[in-house]
Amino acid sequence: MLFNSLEFLLFFVIVTISFFSLPHKYRWFLLLTASCFFYMFFVPIYILILAGTIVIDYFAGIFIEKADNKKKRFYLILSLITNIGVLVIFKYYNFFIDNINNAQEIISFSYLKILLPIGLSFHTFQAMSYTIEVYRGNQKAEHHFGIYALYVMFYPQLVAGPIERPQNILHQFYEIQKPSYNNFVIGLSQMIRGFFKKVVVADLLAGYVDNIFNNYQTNTGFTLIFAAWMFMIQIYCDFSGYSDIAIGAARIMGFKLMVNFKLPLFSKTLSEFWTRWHISLSSWLRDYLFYPIAVNKRDWGKWALVYATLITFMISGLWHGAGWNFILFGLLHGIILSGEILLGIKTSFFTKSFIKRITGVFITFNILAFIQILFRAKDIYQAIAIWKSIFTLKYFFNLKINDTGIFASMLFCVAVLFSIEYFVFRNHSIESIEKKRPNWLFALNLIFIILILLFGVSNGEQFIYFQF
């Protein structure tokens, strides 16, 4: 069930009204049932995979809490192997087999003809954070099976995050949530903002970007550069739009999910970008991968940070997709971040003047757009071909425009997006606007709704990050 569909709007209204109509003790069951229905709307049979890992992790958490140190480690490893094993089988098995078959011709291993369960990487990482936190002693094991299952399956953030931590969300399922005008206004405003990003900006840009990249052989130079810029904006609006809708839908019911994006396209360095982009993933990788590796190699000094950065971002690339283009995508991010560490490049340097801020943002955005071509391409060979076409000097300054009307609409909506983000959300959150200037929030929502009605794409385009 896509957020940008009439089915979801009807589902959301029914679930929310039912939630507040029921006594508190039955609400977890309603949300769990609704979340199962929401997930089964895609491929019903894959609910069994989730159910299996939920049962294992539930008991692993309890056993970890009760066991001595040696057994704690065993139960944690068992839980992690189960989750990573499911991820490997469904997401990476065919990639590994493809590489093995290409490396030797003696034996040909067969491929698995299976679909990737939607949002598998997201709820796998969320489940793993639970057992890790119980193991570390930062979270008590959850003994209510239904509540734990809801932690993994809570429908707003089930298929594309934010990747929650148990400390933030588990206790909220026990709290009595009452209807609140404040929560309703803030949550609805967040959802409206998310819908604007998705159905107006992201889906409007998708048509142009797809046309250029799908015909990259006939496009060169500035046309491909411009398409890369637009794709960077598209994927930001697509993914952060989903997060906004998820956070807003949960907030209306009284649940507070973590912030997942903080205007990342205004970042002045790549290190700043990763503190603003997909924060729930970047913080997950920082806490469970980067820090343990860096601490283990602390005798290496700065090189420990470089080593940890490269490993972390290679895994981050592989998390995004089973392909060498994704691995190189992560590696390039790791190399540039390592360069910032070794050269002592600080974000604070670019905040000293307006010119430095603009320069930092321009350089960082172009680096991101260049690397993002790996994300958009179907494989590493296509990405290399696109990079070569960009630097075909003979036709470098050509800009291909097939439909001037759509092109103008696209630029107008992007300009509105950046203007509102820079002049409004750079210094204010939806909560602070609602508290101090509710009329401003009403005006913003009205602008977003008008733009959705005028420019919204209604073809039900799937969210890009659903495939992960």
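Author: A quick definition to begin: helices (H or I, at least four residues) and strands (E, at least two) are DSSP runs, numbered from the N terminus. This is a predicted model, where local features need pLDDT of at least 70 and side-chain atom pairs count only at pLDDT 80 or more, while totals for chains, interfaces and linings use all residues. Residues are numbered from 1 along each chain as its sequence is written, and side-chain values use heavy atoms, with hydrogens and water left out.

Reader: Where does His-278 lie?

Author: In the loop between α10 and α11 (279-296). Its phi is positive, about 40°, although His-278 is not a glycine.

Reader: Is His-278 buried or exposed?

Author: Buried, with a relative accessible area of 0%. Buried means under 20% relative accessible area, exposed means over 50%, and partly exposed is in between (1.4 Å probe, protein chains only).

Reader: And which loop holds Leu-263?

Author: The one between α9 and α10 (270-273). Leu-263 also has a positive phi, near 45°, and is not a glycine. Leu-263 is buried at 8% relative accessible area.

Reader: New topic. How many residues are in the largest nonpolar core?

Author: 141, and those with the most contacts inside it are Phe-8, Val-201 and Ile-233. A nonpolar core is a set of buried Ala, Val, Leu, Ile, Met, Phe, Trp, Tyr and Cys residues joined through side-chain atoms within 4.5 Å.

Reader: Which helix gives the most to this core?

Author: α9, with 20 residues.

Reader: What is Phe-8 in contact with?

Author: Leave aside neighbours within four places in sequence. Then Phe-8 contacts Met-1, Leu-2, Phe-3, Phe-38, Tyr-155, Met-191 and Ile-245. Contact means heavy atoms within 4.5 Å.

Reader: What about aromatic pairs: how many does the structure hold?

Author: 61. One of them is Tyr-130 with Tyr-151, a tilted pair at 6.1 Å centre to centre and 50° between the planes. Rings of Phe, Tyr and Trp (its six-membered ring) pair if their centres lie within 6.5 Å; planes under 30 degrees apart count as stacked, over 60 as edge-to-face and the rest as tilted.

Reader: Which helices do Tyr-130 and Tyr-151 lie in?

Author: Tyr-130 is in α5 (residues 120-136) and Tyr-151 is in α6 (residues 145-153), so the pair ties together parts 21 residues apart in sequence. Both Tyr-130 and Tyr-151 are buried.

Reader: Which ring does the charged end of Arg-27 sit over?

Author: The ring of Phe-19, 4.6 Å from its centre. Lys-91 lies over the face of Trp-319, at 5.4 Å from the ring centre. A charge sits over a ring if NZ of Lys or CZ of Arg is within 6 Å of the ring centre and within 35 degrees of the ring normal.

Reader: Back to helices. Where is Ser-79 found?

Author: In α4 (residues 69-103). Ser-79 is buried, at 0% relative accessible area. Not counting residues up to four places away in sequence, Ser-79 touches Asp-57, Ala-60 and Thr-131.

Reader: And Ile-341: which helix is that in?

Author: α13 (residues 324-343). Ile-341 counts as partly exposed, at 24% relative accessibility. Among the residues it touches, not counting those up to four places away in sequence, are Lys-302 and Leu-305.

Reader: How many residues apart in sequence are Ile-341 and Thr-82?

Author: 259, and 35 Å apart in space, C-alpha to C-alpha.
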